[in-house]
Amino acid sequence: METPLLIDFKDRIAHITINRPKALNAINAPVMEGLHDFFFEGFKAYDDLKGVIITGSGEKAFAAGADITQFPSLTVEDGLNLSLFGQKTYARIEEFIVPVIALVNGFSLGGGNELAMACHLRIATPNAKFSQPEVNLGLIPGYGGTQRLIELIGKSKAMELLLTGDMIDASEAFTYGLVNYVLEPEAALEKCVSIIQKTAKKGPLAIEETIRCVRAHFDEKMDGFLYEAQAFGRTMGSPESKEGVQAFLEKRKPNF
Ligand code: CAA
């Protein structure tokens, strides 16, 4: 049986590959459980983890959505539970302690695009295609897509894409701000790695708190400014900032 999720640790970066190319990397239960387990517990096994890159196996797809073959027998309650588990997993990715980058190398559809949107950054290859096509199935996005698409590209365009299920290409996605870069495959991977190498040189707590502060802006239950002030205090009191500030004053590189 194929391993649904490949995890390769190299130079302090975890490379996660959704490995169901024959099904265009559709996200079935083992893939979702694998993501859940890695981001909640599994990451602890990787020493000095500085970033995560998620991509799809093969050249055709990042992930073509949730696995539709699991849907026919599902009840209202099953649908709710499927959605809640996916939302919990993706929220954990969004709040993860180190940068998570989606390397979108083909179809990024439905629950697959929701995964890309939960990542902190998205870098696409020119063949990438994006859509929330759930309405074609009489469904709606269930892994946070109705919320994150608005956050990333604004209400007007998000509403259009959600209602029509239209598919957009990489350059259109770049125009809307859905992806950070569009690059040929090799350059796309290099870009992902170079961004993580850059953030790896910064204070780890500062990186973690920055991710949380940005998320706080979109969390109605949180006061983003208050959270920022508290996080600023935490970073100010941390040994890491003492070293960063001291290094600046001594005109040397910090040793975080
Ligand atoms: N689930 C399960 N299998 C899928 C799949 C999915 N989401 N997407 C593709 N596949 C399978 C196909 O069934 C096909 O399998 P077989 O070879 O066994 O027939 C294989 O992958 C290759 O796909 P196609 O032959 O269809 O390839 P294509 O190039 O002709 O079309 C495509 C590509 C346009 C992406 C088309 O496969 C497609 O429309 N897929 C479905 C996309 C979709 O609707 N995604 C949303 C799922 S619902 C969701 O994600 C809900 C949520 O938010 C939680």
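Helices α2 and α3 are roughly parallel to each other, a label given to angles under 35 degrees, while angles over 145 count as roughly antiparallel, 65 to 115 as roughly perpendicular and the rest as oblique. Helix α2 covers residues 76-94 and helix α3 residues 110-118, and the two pack at an angle of about 30° with their axes 8 Å apart. Helices here are DSSP runs (H or I, at least four residues) numbered from the N terminus, and their axes are lines fitted to C-alpha atoms over the stretch in contact, with angles from 0 to 180 degrees between N-to-C directions.

This is a predicted model, in which local features need pLDDT of at least 70 and side-chain atom pairs count only at pLDDT 80 or more, whereas totals for chains, interfaces and linings use all residues. Residues are numbered from 1 along each chain as its sequence is written, and side-chain values use heavy atoms, with hydrogens and water left out.

Where the helices are in contact (heavy atoms within 4.5 Å), Tyr-90, Ile-93 and Glu-94 of α2 meet Gly-111, Glu-114, Leu-115 and Ala-118 of α3.

Tyr-90 and Leu-115 are also among the residues with the most contacts inside the largest nonpolar core, which has 43 residues. Such a core is a set of buried Ala, Val, Leu, Ile, Met, Phe, Trp, Tyr and Cys residues joined through side-chain atoms within 4.5 Å, where buried means under 20% relative accessible area, exposed over 50% and partly exposed in between (1.4 Å probe, protein chains only). A second, separate core of nine residues includes Ile-53, Ile-101, Ile-123 and Ile-196. Cys-192, in helix α7 (residues 185-200), is buried with a relative accessible area of 0%, and Cys-192 touches Ile-53, Ile-101, Leu-103 and Ile-123, not counting residues up to four places away in sequence.

Charged side chains form another theme. A salt bridge is a side-chain nitrogen of Lys or Arg within 4 Å of a carboxyl oxygen of Asp or Glu, and by this rule the count comes to 14, including those in the table.

| Salt bridge | N to O distance |
|---|---|
| Glu-41 and Lys-44 | 3.1 Å |
| Arg-148 and Glu-94 | 2.9 Å |
| Lys-221 and Asp-219 | 3.6 Å |

Arg-148 lies in helix α4 (residues 145-153) and Glu-94 in helix α2, so this pair ties together parts that are 54 residues apart in sequence. Arg-148 counts as buried at 9% relative accessibility, as does Glu-94 at 11%, whereas Lys-221 counts as exposed at 77%.
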